Amino acid sequence: MAPPNGVNGAHDDADDIDYSDIEAKYKVGYDEGFDNILVIGGVPVVDKSKLEKLLAKISKEFGRKGAPLKPEDMFMPWDDNTGKSKGFIFATFKNAEDAAYAMAAMNGYPFDAKHTFHINRFSDVERYANLDETWVEPEPETYKPKEHLRAWLGDLQGRDQYATYRGDEVEVHWHGKPSQCEIAHQRNVSDIGLYVLLRRSIITSQGWTDLYVSWSPLGTYFASLHRQGVRLWGGPSWEAQHRFAHPFVKLIDFSPNENYLVTWSHDPIHVPEGAQQGPQYFSPEDEGSNIAVWDLKTGNLLRTFPSAMPENEDGVKRQMQWPALKWSADDQFVGRVTPGQHISVYELPSMRLHDKKSIKIEGVIDFEWCPHGDKDREEAEKAEKTGKKPKENLLAYWTPEVANQPARVTVINFPSRSILRQKNLFNVSECKLYWQSQGDFLCVKVDRHTKTKKSIFCNLEIFRVREKDFPVEVVELKDAVTDFSWEPKGERFAIISSSDPNLGNPGPGANIKTDVSFYQLVRGKGDFKLLRTSSNRTSNTIRWSPKGRHVVLGTVGSTSKSELEFWDLDFNIDEKREGAKEEWGAGIQHLGTADHYALTDAEWDPSGRYLATSASAWRHTIENGYAIWDFRGQELEKHILDRFKQFLWRPRPRTLLTKDQQRQIRRNLKEYSRQFDEEDAVEESNISAELIAHRKRLVDEWNAWRVKVKEEVAEERRKRGKKEPKAKDSQEEEKEEIEVWVDEVIEQIEEEIVE
Amino acid sequence: MRPILLQGHERSLTQIKFNREGDLLFSCSKDHVINVWFADNGERLGTYNGHNGTVWTIDVDSLSRFLVSGSADNTMRLWSVQTGKCLYSWEFPTAVKRVAFSEDDDQIVCITEQRMGHQGAIRVFDIDREGDGTDQSKEPVSFFNPTSSKAVVCAFAHTPNLILTGHESGKVALFDASTGEEVQANERAHMDVITDLQLSPDRSYFITSSRDKTARLHDTRTLMVLKTYTTETPLNSAAIAPTKPYVLLGGGQDAMSVTTTSLRQGKFETRFWHKIYEEEVGRVKGHFGPVNTIAVSPKGDCYASGGEDGFVRVHHFDESYFRAKPYGDLEIED
């Protein structure tokens, strides 16, 4: 007898409730219970006798990668017909996490020369086996034509672009004649997610520059640095092209042909739980590294390195060298130096160590790849067509004095690693390697000390790489050389030297006195001869035009001086044809002097016609902004902008014209320039007409407003019962005589009276 | 344009004013003294002694009879221009930052500072022009406290019952002189403190300068911004040149940071801008400190600038200034 709504009754009914829906929902999935089992494929096929040894070896390999696996946890299926193993293993791990880690660490692991492991989850194998066999045609994706990344080169007026970074704004401008200058693209940094403000305090405290923007070396991409990584932009609409997730990235470097990207972050890579996986992201084995190499086209991560921070004798960490990885000119190899020990060269695109071993060089400090000149490129193209082996890359490095060994500069071939030339040097405190842009010369700037180690002087050891046996010529200088620069594609170089005792410890406001010298190769004789020295100056920076011939000497980073001098080294080039051999160094002409107060940077545009100087807020906060000058030192534009940070010309790729075509253009230059002059004239008259019309409009508006207001004011005055303005009668009383006494000394005679 | 250098002050200038005829120049400074000079040759005519604190502001009436001054000694004084005698003195609880005569010379408006628990206040006084001027009423005819941001500069607007003010927040406003009601306001006229306000001859438009590095031309009745002149330095003063379409702007970086930087960086020039086209047309160098105050003679034949360096420089325009038509033949209404 159950009461219909009794307390007890309700309790009794509980057994009859159907829980099946809840059970289904919270059912533990048994089918995922094999997650700790992996299937390892690619294992060598062996017979019984070698089984134990193989299992032990595999166990060791796994152990080395931090995924311990005992031989008894492995099960190897057997093919009884042949008496051999089937070439795969079932491996049981303690739990699913260990299995997942082992899979990430060992998948694709080269066991030996012929066998590479490929690992799958046991549960996955089942899933793959149960795949639906009927093929469904995938929906074809509609083709979206990509924007041409080099569209800016097709500009009708042939203008160059430059990027400016000011405050939170990044702008890309067209630079041309005044009428053709315009903003090509503009973006607030917050749009692209630059966390500048957030990061600034941290970065400056570490002594690095702020987050910044950068062009790729051929101008195809525009890179911006973010907290999360690097982003590349490009094309006429400035769409995001690629991203590389390297958190807290601070420095980036492109390979010369824009195939690869190197990024560096001060913070070691840390892969958090549940981070995204894939070829474009860091995996657990990258933990602790600082440098990452990426493939630019696919966005895939190729390899990571811990950054080597060289330490001084006293254990103080020196500043890291950047770029830390140096690319060969053809993007084939990338080298990394471990100071004092070896140079490691990696092959692209696999990023494997070339020949599986580094080049062991005791004491090596630094190295440089030889750049490729136009000739090299032609040859390489020819070699490709004829199927011959292309020329090898050259690599130069130096080692300091160790024990009884002299310091040494060595040039080697790569990849054959054969030594081409070696030169011993004495009393060396520091070397710097400078390749000329065509790879014709290598200059080693050797800072030498006297026996007492008190004073420093400088030798320039110049290797003529194109000649047999690499003859070396030495230019001896008495002073320390602070800056060295080859003329691009030229046979000249400029140096800045100084004998100032204050060199190296600049006091506030003090300018270091410097001398600037130009040297040129004497054809035939083959040595470098001084063209001209101008002494007692303050210049500390040399900027050659990318086309050679013109050079700017600047005083950069000084608080009291900021001079820019524009020089032409072939001033009388036109008359040269007519006859007599000119005097040595007569072609040097000072074209003009300019001044950009407190400038911090100077950069030529890719055409070598304009120079841009900027005063960046990263260095100081006085008169930040930028200016653009022509090659004679005439100011074309100047913008003083608060919080201005960065100015960058967009680089241009190499010309596609053949030598003949270029010659043709040069021959017809007069023809072209007449055409351009006409265009200019037409445009100028257009502009001035426009401007006049604009001003007329402004004046008309103003006058109309004034007439209206004047009437209204007069009206109000009348209402208040005042007279018309008294301006008129005041005119008469102004005839006022002012008497002014002016004392003037007409003559002053000094007489000496002799008694 | 050779300047005449007026050396009569020992500390930085606070305000300078021409009289209506443009033959006399009045200057006041932080050294407590008011000077009057012949604008023509720079000779000093006399001084007005009596203030015991920085003289922040002066104004002279249109007949050159009375001079009014406001000072940090919490007084506003009325002087006889001719004799240099102090005719009357008003006492306030705080410093007087700005004074101005009305168009008819029969009223004075003044701003007292907000300090020591006292609110910033605007007062209007009637001036008794009969007799010798010593008999003035102590009480203002009108007294009000502008709410929100404090007023720093003021003047009588186009009609005597309206008072034009410039505020610390960058606001410009019109107040009813009798009720103290805010009639109109432009809150976003400037982005920073307004440092100077000068009216056109007929008071129908005015120019303001500000620390936000711009000067602006406004319509007095609507307070609409007509023109903007953007420079790269904080501005302390702006003046409208009569007869020619120019405005004069002066400033420079903070007096505080001047000593740490060189002359080159200070931007202590007086800048000439085209009033209509908003283009800079020229600069006059000379001061070695920020330019604190600029005044143009009502006749338009000369201008003067007073600097933080303690000098007043009077520049008489050259013949070429009047003849030059750098922008063609367009006739521009004054």
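Predicted model: local features only at pLDDT ≥ 70, side-chain atom pairs only at ≥ 80, totals over all residues.
Residues are numbered from 1 along each chain as its sequence is written, chains are lettered from A in the order in which they are written, and side-chain values use heavy atoms, with hydrogens and water left out.

Chain A contains 11 helices and 43 strands, these being DSSP runs numbered from the N terminus, with helices of type H or I having at least four residues and strands of type E at least two. Of the 755 residues in chain A, 41% are buried, where buried means under 20% relative accessible area, exposed means over 50%, and partly exposed lies in between, with a 1.4 Å probe and protein chains only. Among the contacts in chain A between residues at least 6 apart in sequence, 50% join residues at least 24 apart, a contact being defined by heavy atoms within 4.5 Å.

Strand β15 of chain A (residues 260–265) is largely enclosed by the rest of the structure, because 6 of its 6 residues are buried. In a regular strand the side chains alternate between the two faces of the sheet. In β15(A) both faces are covered, with A:Y260, A:V262 and A:W264 buried on one side and A:L261, A:T263 and A:S265 buried on the other. Strand β14 of chain A (residues 249–254) pairs with β15(A) in the antiparallel sense over 5 bridges, pairing being assigned if DSSP finds at least two bridges between two strands. Within this pair, A:V249 has A:S265 as its bridge partner, and the two strands form a hairpin with 5 residues between them, in whose turn A:E258 has a positive phi of about 60°. Strand β16 of chain A (residues 291–295) also runs antiparallel to β15(A) and is joined to it by 5 bridges, with A:I291 as the bridge partner of A:W264.

In helix α4 of chain A (residues 96–106), the buried residues are A:A99, A:A102, A:M103, A:A105 and A:M106. These buried residues pack against β1 (37–41), α3 (48–64) and β6 (118–121) of chain A, and just after the helix A:G108 takes a positive phi of about 80°.

A cis peptide bond joins A:L348 and A:P349, with omega about 0°, and A:P349 lies in the loop between β20 (342–347) and β21 (352–353). Another cis peptide bond joins A:F414 and A:P415, with omega about 10°, in this case with A:P415 in the loop between β25 (407–414) and β26 (419–425). A:K356, although not a glycine, has a positive phi of about 60° and is exposed, with a relative accessible area of 77%. A:F470, also not a glycine, has a positive phi of about 50°, but A:F470 is buried, with a relative accessible area of 11%.

In chain B, B:T75 is found in strand β8 (residues 75–80) and is buried, with a relative accessible area of 4%. The side chain of B:T75 makes polar contacts with the side chains of B:D73 (2.6 Å) and B:R77 (3.4 Å); a polar contact is a pair of N or O atoms within 3.5 Å, of which, within protein, one must be able to donate a hydrogen and the other to accept it, and residues adjacent in sequence count only if both atoms are side-chain atoms.

Between the chains, 27 residues of chain A are in contact with 34 residues of chain B. The area buried between them is about 2800 Å², of which carbon and sulfur atoms give 52%; buried area is the accessible area (1.4 Å probe) that two parts lose on being put together, summed over both. The interface has 5 salt bridges, each a side-chain nitrogen of Lys or Arg within 4 Å of a carboxyl oxygen of Asp or Glu, including one between the side chains of B:K213 and A:D642 (3.0 Å, N to O). Helix α10 of chain A (residues 669–719) contributes 15 residues, the largest share of the side of chain A that touches chain B. B:H158, which is buried at 9% relative accessibility, touches residues of both chains, including A:E716, A:R720, B:E103 and B:R203.

Conventions: Lists of a residue's contacts leave out its neighbours within four places in sequence.
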